[in-house]
Amino acid sequence: MSSSPLTIEELLSHKDFEHLIHPEDISHITKKLIEYSKPSDDPIYIKVLSGIGAWVASLFIAIFLGVTGIFESAYGIIPCGLVLLLPGIFISRASNVIFLKQLSLAMVFAGNAALTVGIAILFKSNELLAILCAHLFICPIVYYFYDNYVYRYLSPLFAVLLVVILMMNESTFAALHYLIAIELILAGILLLKKKKSTFLNPLTYSVATMLPATLLFFNHLASVNWYRDFKEPLWPSSILLTGGLIYLYFHISNGSINRNKRLMILAVSSTILLGIFTTPGILVAIALLILGFAFGDKILLTYAYLFMPYFLVLFYYSLNTNLAHKSWILVGSGILLLGVRQTITLCQRKAVNT
Amino acid sequence: MEEKLDTTVLKQLASIKIIHKLYNDDLLSDEAFKTASSIIQPTEHWIAWARKMLLLLGSSLILAGIIFFFAYNWSVMRKLIKFGLIEVGIISCLFGSYQLGLKKLSGKILLLSASILIGVFLAVFGQTYQTGADAFTLFVGWSFLIFGWVIISKFAALWIVWIILINTGLILYWNQVLDTRNSLESEFLFMALAIINISFLFLYEVGNKKQYEWLKNIWPRGLLLISILIYLSIPTTKLIVEVELEEGFFGTLFWIILIIFGYRYYRFKIIDMNSIALIILNICVIALIFLGRILFDISDDGGMILFFAFVVLGVISTAIYWLKNVAKKMKNENTEDDQ
């Protein structure tokens, strides 16, 4: 076992690795590493600034359109939406000027919203469902043609938001588990793909956001009890996520299960217990933590660090018992985790000794 | 003639992220990828990481449980038991910390737990002996009592907890003592808070420059800078919105000085793009509030709303252009230094 971090040079000349690459591959790898050192993508603070600016501007554009009275009929909104959306996409492809890129993002946000609402108004019977269907139709098309990270990240999230609003409106909360299942499958496909494409990168992070966000929202409804119509149990989602997390362990372990049988048994049994006794959100936070560490992805790790405490607080808050019992449960949970930690240490020592 | 490649890139640390990138770009076979992953992230690394996470989570839950326990039971418990249990908890944490040593994370976390329990002790003391003291005395006393531990801990998280206590103590002191005497404008509170946090930020930067191991993470810088910018943005925003020079003038002046100095410091001394981005974002927010105030005072019809949308885009685009420019210049300066 190597205790100090290796450089790439040391890795390439490692006794277990050197026979797996050809000598000419080293020059290709070197060229690629030089390319990686020149950032091709905007850093995250630029994306955040860009997203906030365009979103605020699109709000003001939408307010302006509202004030002009265009929104009074579908025959006003739909052409308006197209006039914003299509030139917005065109401007982004035609120019690299920052102001125009920002303008195009604001136009695409406003145009997407206007078009979605306009199409929905045509279907007067069920506007929310129509808005959702319209957005689900428009979003993939714009995603394909409009190469903007912020739009590609936010648009799928907006689709999920519409689904949630529809569920709340119709009080069809059983559909939550179908939504979780779809998000879980998408997350599994995108995050566990062998090779990830830059085209789907924004969608990947969008899915990594929507899954815990959906669970957080419904956990809130169930725990805080401000929405009395919500009586849907969360155990079907717990089962799905328990299965998903266990699959993740096997996927990440890459076939080294035989060497780590005890640890795998401990991990699987702990996960099953967590699935039974805690909220599904905690399972998602653990999955994000593992994926973040496995891929060296700081964004996924940040999501995990943000969502985990929140899910834990919601879980203990919602326990139907007094503060005294809650305190014992908290202390007991803490001792259990420290016990698991100690068990891992002992398993590792045994493995080293044998 | 074959181009000579710069092989210094091979001297960088091999991270799992780079391995994934090389694999995505078809430069590693499936087997090479698996082997590289197992070399860089062997099972032992996973185990060490899992142990660290379990320690952080487990100790947080135990601490939360203890706090809840006292919250529930304090009214029915006898004084002796209340104080006895907390004191046993503090002594146990201190003993454990001493045994494990402050070089280990577990030792530092036990010291942090003992520090939190001091606060629990003071809260229970205040409740039991109803002295009528203001709430700020709890936080001030707490920060005073744990100061020695904070110094020896070399633990950024404990320092941040201590700074939060100082900030809370000052805010409560202002509200409960100074404000009741109507002696000072609230902008001086925000200025005082900013000065305190700037002092700590300065100490952090000194320690970071000296490459102290426990200050290598940059999150304390981000946290402190955000708090300073928020504190000084409040009187500045108030001055712009209410336009009363009696309140907000000095706070705004201080904000301007901080922005200029902070920008120069992180641009030329420390060279941290994230901090520069935070400062620029803060400038954008204040600038937009200022411009919005002026424009919507002139007119608030549809045309002005549309115009303001373009103003927003203009300000943000300028900020992005500035940041990209600065990043490029910093990179060129780094390359020149390396040569």
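In this predicted model, B:Ser115 has a relative accessibility of 1% and therefore counts as buried, since the limit for a buried residue is under 20%. This serine is found in helix H5 of chain B, which covers residues 105-128. When residues up to four places away in sequence are set aside, B:Ser115 touches B:Trp142, B:Ile146, B:Trp149 and B:Leu158.

Aromatic side chains were examined next. In chain B, one aromatic cluster is formed by B:Phe147, B:Trp159, B:Trp162, B:Phe200 and B:Trp214. A search of the whole structure, covering all chains, gives 35 aromatic pairs. One of these is the pair A:Phe217 and A:Phe218, whose ring centres are 5.4 Å apart and whose planes stand at 80°, so the arrangement is edge-to-face. The reasoning rests on two cut-offs: centres must lie within 6.5 Å for rings to pair, and planes over 60 degrees apart count as edge-to-face. A:Phe217 has 28% relative accessibility and so counts as partly exposed. A:Phe218, at 1% relative accessibility, counts as buried.

A:Phe315 and A:Tyr316 also form an edge-to-face aromatic pair, with 4.8 Å from centre to centre and 70° between the planes. Both A:Phe315 and A:Tyr316 are buried.

Within chain A, A:Arg152 lies over the face of A:Tyr143, 4.8 Å from the ring centre. Between the chains, B:Lys21 lies over the face of A:Tyr36, and here the distance from the ring centre is 5.1 Å.

The interface between the chains was then described as a whole. On the side of chain A, 82 residues are in contact with 78 residues of chain B. Together the two chains bury about 7,500 Å² between them, and 77% of this area is on carbon and sulfur atoms. Polar and charged contacts were counted separately. Between chain A and chain B there are 10 residue pairs in polar contact, with both residues at pLDDT 80 or more. Two salt bridges are found across the interface. In a salt bridge between B:Lys11 and A:Glu9, the closest N and O atoms are 2.9 Å apart.

Several helices of chain A contribute to the side that touches chain B. At least two residues each are supplied by helix H1 (8-12), helix H2 (23-37), helix H3 (44-68), helix H5 (98-122), helix H12 (280-295), helix H13 (298-318) and helix H14 (323-353) of chain A. Of the elements on this side, H14(A) gives the most, with 17 residues.

Chain A contains 14 helices and zero strands. Read along the sequence, its elements follow the pattern α-α-α-α-α-α-α-α-α-α-α-α-α-α. The C-alpha trace of chain A spans about 75 × 65 × 25 Å along its principal axes. Chain A has 354 residues, of which 49% count as buried. Among contacts in chain A between residues at least 6 apart in sequence, those joining residues at least 24 apart make up 67%.

Methods:
Residues numbered from 1 in each chain as written. Chains lettered and ligands numbered in written order. Heavy atoms only, no water. Phe/Tyr/Trp six-rings, centres within 6.5 Å; stacked < 30°, edge-to-face > 60°. Buried < 20%, exposed > 50% of the residue type's maximum accessible area, 1.4 Å probe, protein only. Lys NZ or Arg CZ within 6 Å of the ring centre and 35° of its normal. Contact = heavy atoms within 4.5 Å. Buried area = accessible area lost by both parts, 1.4 Å probe. Salt bridge = Lys/Arg side-chain N within 4 Å of Asp/Glu carboxyl O. Polar contact = N/O pair within 3.5 Å; in protein donor to acceptor, adjacent residues only side chain to side chain. Helix = DSSP H or I, 4+ residues; strand = E, 2+ residues; numbered from the N terminus.
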